[in-house]
Amino acid sequence: MTVETPVRISPLDGWQHTFERLPDGLDIRELPFLTQLSLRVQPGSPAARAVEDTLGITLPGPSRADMSGEVKALWLGPDEWLLVAPPDRGQDLVTRLRTAIGDAFATVTDVSAQRTTLALSGHLTREVLARGCAIDLDPRVTPVGSCLTTLLAQAGVTLVVRGVAASSVWLLVRSSFASYVASWLVDACTEYRGGS
């Protein structure tokens with residue numbers, strides 16, 4: 001009996017060709033299939049410390065992200081974080097975290113299929129995002145490591161500033177809105193294409 005591995009299709013399959021036609025100054029790539037775990041835990045509790053010890057990180061505070069290690073921690077709410085890791089790490093991480101937490105009150109849920117990630121970089125990133133997002137991406141307001149849940153062109157996104165002057169940003173968007181957000185980003189670049 002042969003067991004077939006299911007084929008995973010990215011929400012933005014086929015968009016890379018379109019992204020390659022963007023103007024100089026903006027690069028967009030999808031980072032498909034990243035492991036994404038929803039962590040609900042009381043900050044400072046024994047369970048939170050167990051998670052931090054297991055991952056070798058400190059869970060970030062409000063509107064912040066820890067992007068330094070292999071497992072990134074994005075603050076989503078007072079007792080909620082999104083843990084982002086390379087693809088296919090979900091089962092291992094869930095097992096390790098649940099073991100570390102033990103009987104303490106906390107939840108770890110694999111939500112990898114819920115969102116995809118767009119990585120934007122280049123000097124036009126801030127200008128393009130400003131066309132559909134109310135977040136002020138000035139580095140004095142949203143420095144590197146900022147993590148904000150907001151709307152981009154009326155679609156909910158989690159925006160993580162990864163580079164100075166918002167020249168490098170992650171947009172985590174629900175898979176069902178990914179094509180819409182990709183289309184909007186391409187359209188928002190129209191004036192920067194120089195007639196191409």
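Two strands are taken to pair if DSSP finds at least two bridges between them, and strands (E, at least two residues) as well as helices (H or I, at least four) are DSSP runs numbered from the N terminus. The structure is a predicted model, in which local features need pLDDT of at least 70 and side-chain atom pairs count only at pLDDT 80 or more, whereas totals for chains, interfaces and linings use all residues. Residues are numbered from 1 along each chain as its sequence is written, and side-chain values use heavy atoms, with hydrogens and water left out.

On this basis, five strands form an open sheet with antiparallel pairing, in the order β3-β4-β5-β2-β6. The edges are held by β3 (65-66) and β6 (106-110), each of which has a single partner strand, so one side of each is left without a neighbour in the sheet. Within this sheet, β2 (residues 35-41) and β5 (residues 80-85) are paired in the antiparallel sense over six bridges, and serine 38 has leucine 82 in β5 as its bridge partner.

A salt bridge (a side-chain nitrogen of Lys or Arg within 4 Å of a carboxyl oxygen of Asp or Glu) joins the side chains of arginine 40 and aspartate 79, at 2.9 Å from N to O. Because arginine 40 lies in strand β2 and aspartate 79 in the loop between β4 (72-77) and β5, the pair ties together parts that are 39 residues apart in sequence. By this rule, the count comes to eight salt bridges.

Helix α3 lies across β2, β5 and β6 and runs at about 175 degrees to β6, where angles run from 0 to 180 degrees between N-to-C directions and axes are lines fitted to C-alpha atoms, for helices over the stretch in contact (heavy atoms within 4.5 Å). Helix α2 (residues 46-55) packs against α3 (residues 90-101) at an angle of about 135 degrees, with the axes 8 Å apart. In the contact, Ala47, Ala50, Val51, Thr54 and Leu55 of α2 meet Leu93, Arg96, Leu97, Ala100 and Ile101 of α3.

A further open sheet of five strands, with antiparallel pairing, has the order β1-β7-β10-β9-β8. Its edge strands are β1 (27-31) and β8 (147-152), each with a single partner strand, so one side of each is left without a neighbour in the sheet. From one strand to the next, the twist averages 30 degrees. In this sheet β7 (residues 115-121) and β10 (residues 168-174) pair in the antiparallel sense over seven bridges, with leucine 120 standing opposite valine 169 in β10.
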